[in-house]
Structures are given as structure tokens and as C-alpha cells.
4 protein chains.
Amino acid sequence: MSLHFTAEELLSFMEGVFPQVQGLYAIEMLSEQEVHVRLKVSDMHLRPGGTVSGPSMFSLADISAYLMVLAHIGPEALAVTTNCSIDFMRKPVAGQDLISRCSLLKLGKVLAVTDVHIFSQGEDRPVARASLTYSIPKKGS
Amino acid sequence: MSLHFTAEELLSFMEGVFPQVQGLYAIEMLSEQEVHVRLKVSDMHLRPGGTVSGPSMFSLADISAYLMVLAHIGPEALAVTTNCSIDFMRKPVAGQDLISRCSLLKLGKVLAVTDVHIFSQGEDRPVARASLTYSIPKKGS
Amino acid sequence: MSLHFTAEELLSFMEGVFPQVQGLYAIEMLSEQEVHVRLKVSDMHLRPGGTVSGPSMFSLADISAYLMVLAHIGPEALAVTTNCSIDFMRKPVAGQDLISRCSLLKLGKVLAVTDVHIFSQGEDRPVARASLTYSIPKKGS
Amino acid sequence: MSLHFTAEELLSFMEGVFPQVQGLYAIEMLSEQEVHVRLKVSDMHLRPGGTVSGPSMFSLADISAYLMVLAHIGPEALAVTTNCSIDFMRKPVAGQDLISRCSLLKLGKVLAVTDVHIFSQGEDRPVARASLTYSIPKKGS
């Protein structure tokens with residue numbers, strides 16, 4: 001199994017599909033098993049106290065899983081999330097970017113399953129963990 | 001058990017805590033068992049094809065659960081989501097607001113559990129379902 | 001949409017597929033939208049203190065979803081659970097059967113999604129809630 | 001942080017609390033961050049086709065999380081599962097034991113969060129993944 005994109009191509013494809021997230025994310029690492037994604041935290045992601053909001057962490061998990069799946073199946077904009085379970089465990093550190101580490105657990109014909117752990121930059125205990133299932137569109141559909 | 005807020009007071013308290021969501025949500029109904037919340041869909045919520053994005057549905061589910069819990073515990077800004085499991089089941093109808101129906105399943109001393117179903121306005125089959133657990137801050141902490 | 005089984009036929013088909021659960025469950029109600037299933041609680045389901053164990057509640061939720069899906073797709077033994085999220089909210093009442101209420105939220109070509117609430121008999125507050133996704137086998141596969 | 005039990009003491013405490021699982025599980029490895037648990041598969045765990053049933057995998061995940069939490073908090077029989085999300089990804093290999101790898105992601109005052117991956121013995125791709133939250137009883141309660 002080899003990947004359909006370099007990290008640069010993958011980010012660029014994703015920003016083409018979702019122009020509203022342009023500039024918000026960076027791919028830190030991409031391999032067949034993992035992708036690490038940075039959320040460049042700014043005021044729009046914050047909740048009272050300066051920590052990153054739950055929806056921002058959900059979005060980072062979702063984007064990470066989408067990138068992992070796309071790297072394997074190629075430019076299929078229509079892969080969609082069918083399920084996400086997310087645990088919020090600690091307050092993100094104020095003023096720090098968030099980094100996700102997403103692994104591919106299964107790539108089937110119709111479903112892909114991923115695990116995501118999210119960290120405040122520089123910390124070694126995760127602020128959140130998530131698992132996401134993506135539905136894979138049929139070729140030509 | 002009686003509620004600490006009217007629908008109007010509740011929305012106003014929430015918008016004070018999260019100024020960035022001001023004007024995005026409306027409370028359609030509030031009772032001891034349920035709250036129905038409208039997401040006023042605009043361009044910022046859309047993904048390709050004109051349907052509402054997953055993160056926007058997650059945010060609606062999260063806000064709905066937060067409002068349900070606050071209605072019962074009073075003005076405790078610091079209630080936080082500890083877990084969410086969400087299933088995305090159908091494409092939202094393009095150009096329609098989303099309406100959530102959130103029920104309170106448990107209100108314990110430390111945890112509250114809610115169920116949320118999300119509909120495109122005017123439809124009777126849900127586009128998403130979610131369950132969320134909130135951690136309830138101790139009085140005076 | 002009409003059902004492929006009566007409640008009696010459905011239970012009998014399920015017990016043929018899973019002989020090890022013979023006699024443990026009863027179908028209390030079956031309609032196009034819902035199935036209610038009774039777990040006949042005995043010593044094998046209990047944990048210390050006389051309440052029903054988590055795995056027994058998981059099994060009841062899983063069987064309920066399986067029955068709901070089968071009622072709609074017909075005798076396809078190979079429908080399998082792909083995801084379950086379950087919240088345990090209260091201690092079941094000691095010595096009481098458990099009753100599930102399972103609703104069908106989506107029946108797609110490849111996935112079915114169900115909601116389950118579980119009650120101790122005679123109680124009106126749920127002891128657990130679950131959502132389950134089933135993968136539907138292709139005809140002839 | 002050090003552990004309250006050796007692997008042997010931990011298994012023995014657990015079997016004292018849940019006599020009905022005596023002999024079904026073995027602890028393969030125990031450290032501060034992880035516990036690996038073997039489910040000794042027998043007929044009672046199987047579904048048609050000879051693979052291990054979903055409820056048996058749920059039980060293995062639940063027991064693994066319970067052991068991980070107990071190793072850290074000591075002999076508190078009353079720690080209870082509040083939430084589990086589990087993905088079933090592949091058919092277990094017929095006739096093989098299952099091995100879980102459970103990591104502790106968070107140990108708070110009231111909640112502990114764990115991740116579990118389950119493998120058929122000798123395989124390197126997981127058959128299931130789960131995350132579980134346990135509620136930790138207060139000392140003296």
C-alpha cells in the first residue's frame with residue numbers, strides 16, 4: 001500500500017475542498033500508518049479562560065481522520081464521517097497550538113476506522129482522544 | 001425540580017459566556033426534560049454541496065446539552081463536556097436550519113447525560129444523533 | 001416498508017443463529033419503528049450487590065439492535081455490529097428483569113443505526129442508553 | 001505513582017469480586033501505563049462461524065480497563081464503567097485467544113479514561129478498539 005499524496009499535496013487538496021479552513025491546519029508528519037496535524041490556535045478557537053473549545057478539538061480530530069483516509073484512497077472529496085466518539089480529558093494549555101496523532105486502524109471497502117490523540121504542543125499527556133469512522137465512496141459513484 | 005432560567009435568560013447567559021456564538025442559536029422550546037435549539041445556518045456552517053458540516057452539527061449537539069444542563073444546575077459557566085458520541089446519518093437539507101431535540105437522561109452529582117437528535121427543519125428523519133456527558137462543577141469550586 | 005417476521009418468528013430465527021442465548025430473551029413488542037426486548041435476569045447476569053453486569057446490558061442492547069435490523073432486512077444471520085457507544089447511568093434494580101426499547105434511526109444500504117434505552121422493569125428512568133451501528137451484508141454475498 | 005498490586009494479586013482480587021469470571025482471563029503484562037489481558041476463548045464466547053462474539057470482546061475491554069484502574073487506585077471493588085465506545089473492525093481468528101492492550105490515558109479524581117486495542121493472538125491488526133470511562137468511588141464512600 002502506498003500513499004496517493006505527499007503531505008503538501010494532501011493539505012492543498014483538502015484546502016481546495018474546504019476553503020473555509022484555509023491556513024488553519026498544517027501537516028506535521030505523514031506516513032502510511034499515521035498523520036500528525038497541527039491546529040494553529042487563534043481567538044476563534046478559544047472558550048472562556050483561553051483554552052481551546054470542544055468543537056475546535058472535534059474539528060481537528062475530524063480533519064486528521066479525513067486526511068489519513070484520503071492519503072490512502074486518493075482524491076475522493078466525498079468521504080464522510082459516519083461516527084465519532086470523543087473524550088475530553090484535560091484543559092488544553094492556553095495559547096498553545098494543538099497537535100493530533102492519527103492512526104489508521106482499518107481500511108475496508110466501505111468503512112475506515114481511525115484513532116486520534118490530541119496534545120497541547122510540548123505536552124505528553126493527551127487533552128483528548130477520539131475514534132472516527134469514515135464511509136468510503138464507491139469508485140465512480 | 002424546577003429550572004433556573006427561562007429560555008430567554010438561558011440564551012442570554014450562554015451568549016455572555018461564549019460571545020463568539022452570539023446570534024447563531026435560538027431556543028425553540030425549554031422544559032424540564034427537553035430543550036430544542038435552532039442553528040441558524042449560514043455560509044460558515046457549510047461544506048461542499050451546501051450541506052451543514054459535521055463540526056457545525058457537533059457544536060449544535062454540544063450547545064444543546066450545555067443549555068439543558070445549565071437550565072438545571074444554574075449559572076455555572078464551567079460545566080464541561082467529558083464525552084460525546086455522535087452518528088452522522090443523512091445529509092442535511094441544503095439551505096435549511098437545523099433543529100436539535102435534547103433530552104436529559106441523568107442528572108447526577110458529578111455527571112449529566114443527554115441524548116440529542118438533530119433534524120433539518122421540516123424533516124422527520126434525523127440527520128444526526130449524539131449522546132453527551134457533562135461534568136458538573138462542585139458548588140464553590 | 002413492512003417487516004419480514006412476526007415477533008415469534010424473529011425470536012425463533014435469532015435463537016437458531018445463537019443457540020447459546022436460548023431462553024434468555026423475550027420480545028415484548030415489535031413494530032416497524034421499535035422493538036422492546038426483555039432480558040430474563042438470572043444469576044449469570046449479576047455482579048456484586050445483585051445488580052445486572054455491564055456486559056449483560058451490552059448484550060441486551062446488541063441483541064435488540066440485531067432484532068430490529070433483522071426484522072427489516074430478513075433472515076440475514078451475518079449482519080454484524082460495527083460500533084457501539086453505551087452509557088451506564090444507574091444501578092439496575094436488584095432482582096428485576098431489564099427491558100430495552102430500541103428504535104431504528106436509519107436503515108441504509110450498508111449501515112443501520114439504532115438507539116436503545118434500557119430500563120429495570122417497572123422503572124421510568126433508564127439504567128443505560130446505547131447507540132449501535134450494524135453493517136448490512138450484501139444480498140448474495 | 002506506583003501500583004497497588006502485582007499482576008497476580010490483581011487477578012486474584014478481581015476474581016474474588018467477580019467469581020463468575022474465574023479462570024477466564026490472564027494478565028500477560030502489567031505496568032503503570034499498560035495492562036495486557038488474555039481472554040481464554042472457549043465455546044461460551046463463540047458465535048456462528050467460530051469467531052468470538054461482540055459481548056465477549058466488550059467484556060474483555062471492560063475487564064482490562066477495570067484492572068488498569070484498580071492497579072492505580074487499589075482494592076476498590078466499586079469502580080464502575082460509565083461509558084464505553086467500541087468499534088468492531090475484523091472477525092477474530094477462529095480458535096485463537098484474544099489479547100487486549102489497555103493504556104491509561106487519564107486518572108482524575110472522579111473519572112479514569114482508558115484505551116483498549118484487542119488482537120487475535122499472533123495477529124498484528126486489531127479486531128476491535130474501545131475506550132472506556134470509569135467512575136472512581138470516593139475514599140470511604
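Twelve strands make up an open sheet here, running β1(C)-β2(C)-β4(C)-β5(C)-β6(C)-β3(C)-β5(D)-β8(D)-β7(D)-β6(D)-β2(D)-β1(D), with antiparallel pairing. This is a predicted model, where local features need pLDDT of at least 70, side-chain atom pairs count only at pLDDT 80 or more, and totals for chains, interfaces and linings use all residues. Residues are numbered from 1 along each chain as its sequence is written, while chains are lettered from A and ligands numbered from 1 in the order in which they are written.

**The sheet**

- At the edges sit β1 (25-30) of chain C and β1 (25-30) of chain D, each pairing on one side only. (Strands are DSSP E runs of at least two residues and helices are H or I runs of at least four, numbered from the N terminus; two strands pair if DSSP finds at least two bridges between them.)
- From one strand to the next, the twist averages 20 degrees.
- β1(D) pairs with β2 (residues 34-39) of chain D through five bridges, in the antiparallel sense.
- D:Met29 has D:His36 in β2(D) as its bridge partner.

**Helix against helix**

- Helix α2 (residues 54-73) of chain A packs with helix α2 (residues 54-73) of chain B at about 150 degrees, axes 9 Å apart. (Axes are lines fitted to C-alpha atoms, for helices over the stretch in contact; angles run from 0 to 180 degrees between N-to-C directions.)
- On the α2(A) side, A:Gly54, A:Pro55, A:Phe58, A:Ser59 and A:Asp62 meet B:Gly54, B:Pro55, B:Phe58, B:Ser59 and B:Asp62 of α2(B). (Contact means C-beta atoms, placed from the backbone, within 7 Å.)

Note on methods. Two residues are in contact if their C-beta atoms, placed from the backbone, lie within 7 Å.
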